[in-house]
Every structure is written in C-alpha cells, then in structure tokens.
Amino acid sequence: MAVAPSPLAGRRVLVTGAAGAFGSATLAALRVRGAEVLGLDVTADDDVLSCDLTDDDATEVAVAHAVERLGGLDAVVHYAGIGLPVDSGDAPGEKVRRTFEVNLLGAWRVTAAALPALLESRSGGYRPRLVFTASGLAYVTAPFASAYAVSKRALAAYADSVRIEYGSAVHVTTLYPGYVRTPIHRESQAAGTALEGKVPAERLEDVINTAVRVLEARRPPRDVGTTRFGGAATKLARALPALVDRVVLARHGRDLRRGEYDAVALAQRMIRTTDREKVTKR
C-alpha cells in the first residue's frame, strides 16, 4: 500500500535556533518529510546559516540569504531562546536585556525579515505559517525565571498581534512546551535554580512532533501545548491564574522549608523575606 506524501514535501522552511536540541531535531524531521529546510543559529553548519538574532542587520541579511537559497519561503519555526536565572527584584541588567533580545526581539526581527516572502507564498493550497515557541512558564510562573517567563509571555502577545494583522494570509501558531531536559537549563542548574524534578518533564519528541503536526495541518491550531498535561496547565493558568499561583506558591514554600535554596546565592533575599514573614505571623 502506497504511503501518501507529507503535506510538507517540497515546502520551504526556516528554523531558528537550528543548532539546538529542538532546532536540529526539527530539521531532521522535516527533511524526512521531503521539506526543503535551512536554519539560523550562532553556530553554523551545512544547512545552518550563522546569524546573531540580536543584530538587526545580520538578521535581515541571513533571512534574505535563506530565502534566496530556498527559492522562497513557506514557513518559519521560531525556537531560538535562552534561559538565564535572575531575581525579579533586581534592576534589569545584561541577563534580562539579552533574554529579551533573543527570545522576543530575535523572533520579531526574523518575522519582519521573512514576512514579505511568506506573503508571496500560497502555492499548492498551502497557506504559509509562523510557529512561535513560547513556554508553559509564560503563564505558570516559577521562581527565578522572571526574565524568561516575561519574554515568553511577550512573545505570545507578539504572535497574537501578528495573527490579528496578517492572519488572513499567514497561519500563526504558538507552542507552549513544558520542561524538557536540554542545554538551555545549564545556567539555572549552575545557579541551583533548575526546574528538574520540580515540574512534570516532557520529552524532546513531544515538542518536535507537535511542531511538525502544526506545519502539516490544513488548519493549524492557534495555541497548543506539546503534551496534554502541558496544554491543560497552560489553559488553566490563563483562565484561573490565582488558583495556579496558589499551587506554585505551596510547592515553592515546601522547597524553602526543605532548605533546597539555602545554598543558592540568588535566593538569599527571598529566604530572608520569608523568615520575616514567619516572625510577623507569630
């Protein structure tokens, strides 16, 4: 029995963060389905163009080069991102600025550069599409992830804006992955603030398969979690934020009582504040 060709056969797709775990696996999955793919990343390879997404000119040149090599553009998948632990009570420094430059403005730069080519594509009944990768942390807040969480919630808002303004011509989908064990967590692990073991883990293939389904779908979803649990948690957090805050705070309080943050430099002011609250309650 013959297998029907994938809707992605011959489609031209650009993937950011292409040297990372999500990006490299997605490039491979798209190639298997017959797509023509290129990536952008600070680390170049045969099918990955070198690009610093924090640089306006470099991003515009790299996207133009990719469109030229692909002969047009049918889809962009945004994965490029970083996660740097910070204290939300500190003034926004270099870590916060860099997080926004990569996670939010990097996606904005690529979208702006790619949009003219996307708007010209509509061949074979396949409406071009943009896939933005936000995070469950955009709505389910975790301690010390403020820069990442705010940038991802802002990215979701940016995707909504693009959808309102260009949704008649381009499908726009926002993915909300949960915790996946990838190198993006190295900084948090080094600082002692990693989410490992504190939230349900998801698999790399959950994210990749979701992105591929969105790219293949005749009518892609507006917002989608990469697992059923993750999608449900994000919807609950958007609908009942105070309830989800109470759940997060209860778990966070348990971690504090266990002394899990006693040796974490970033948590010392928070620990002192918690101690004062205990004294006040007595």
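Colleague: How much space lies in the largest cavity?

Modeller: About 50 Å³. Bear in mind that this is a predicted model: local features need pLDDT of at least 70 and side-chain atom pairs count only at pLDDT 80 or more, while totals for chains, interfaces and linings use all residues. Residues are numbered from 1 along each chain as its sequence is written, and side-chain values use heavy atoms, leaving out hydrogens and water.

Colleague: What makes a space a cavity rather than a pocket?

Modeller: Whether the probe can escape. On a 1 Å grid over the protein atoms alone, a cavity is a set of points where a 1.4 Å probe fits but cannot get out, whereas a pocket is an open set with protein on both sides within 12 Å along at least five of seven lines. The volume is the space filled by probe spheres set on the points, which are joined across faces, edges and corners. At 30 Å³ or more, the structure holds one cavity.

Colleague: Which residues line the largest cavity?

Modeller: There are 13 of them, and Thr-16, His-78, Ala-80, Val-102 and Ala-107 lie nearest the centre. A residue makes the list because it has an atom within 4 Å of a grid point.

Colleague: Which element gives the most to that lining of the largest cavity?

Modeller: Helix α3, with five residues. "Helix" here is a DSSP run (H or I, at least four residues), a strand is a run of E (at least two), and both are numbered from the N terminus. By type, the lining of the largest cavity has seven nonpolar residues, five polar and one charged. Asp, Glu, Lys and Arg count as charged; Ala, Val, Leu, Ile, Met, Phe, Trp, Tyr, Cys and Pro as nonpolar; the others, Gly among them, as polar.

Colleague: And what is the volume of the second largest pocket?

Modeller: About 300 Å³. Its lining has 16 residues, with Ser-88, Ala-142, Pro-143, Phe-144 and Met-270 nearest the centre. Helices α8 and α9 are the elements that give two or more residues to the lining of this pocket, and α8 gives the most, with four.

Colleague: Back in α3, why is Thr-111 called buried or exposed?

Modeller: Thr-111, found in helix α3, has a relative accessible area of 1%. Buried means under 20%, exposed over 50% and partly exposed in between (1.4 Å probe, protein chains only), so Thr-111 is buried. Leaving aside residues up to four places away in sequence, Thr-111 touches His-78, Leu-130, Phe-132 and Tyr-158; a contact is heavy atoms within 4.5 Å.

Colleague: How do you know that Asp-74 and Arg-12 form a salt bridge?

Modeller: Their closest N and O atoms are 3.0 Å apart. The rule asks for a side-chain nitrogen of Lys or Arg within 4 Å of a carboxyl oxygen of Asp or Glu, so this pair qualifies. Asp-74 lies in the loop between α2 (56-70) and β4 (75-78) and Arg-12 in strand β1 (residues 12-16), so the bridge ties together parts that are 62 residues apart in sequence.

Colleague: What makes Asp-87 and Arg-269 a link between parts of the chain?

Modeller: Asp-87 forms a salt bridge with Arg-269, at 2.8 Å between the closest N and O atoms. Asp-87 lies in the loop between β4 and α3 (94-120) and Arg-269 in helix α9 (residues 268-281), so the pair joins parts that are 182 residues apart in sequence. Asp-87 is buried at 18%, while Arg-269 is partly exposed at 37%.

Colleague: How many salt bridges does the structure hold?

Modeller: It holds 16. Another one of them pairs Glu-260 with Arg-258, with closest N and O atoms 3.8 Å apart. Arg-258 is exposed, with a relative accessible area of 54%.

Colleague: How do α7 and α8 pack?

Modeller: Helix α7 (residues 228-239) and helix α8 (residues 241-257) pack at about 115°, with axes 5 Å apart. Axes are lines fitted to C-alpha atoms over the stretch in contact, and angles run from 0 to 180 degrees between N-to-C directions. In α7, Leu-236 touches Pro-241, Leu-243 and Val-244, not counting residues up to four places away in sequence. Leu-236 is partly exposed, at 38%.
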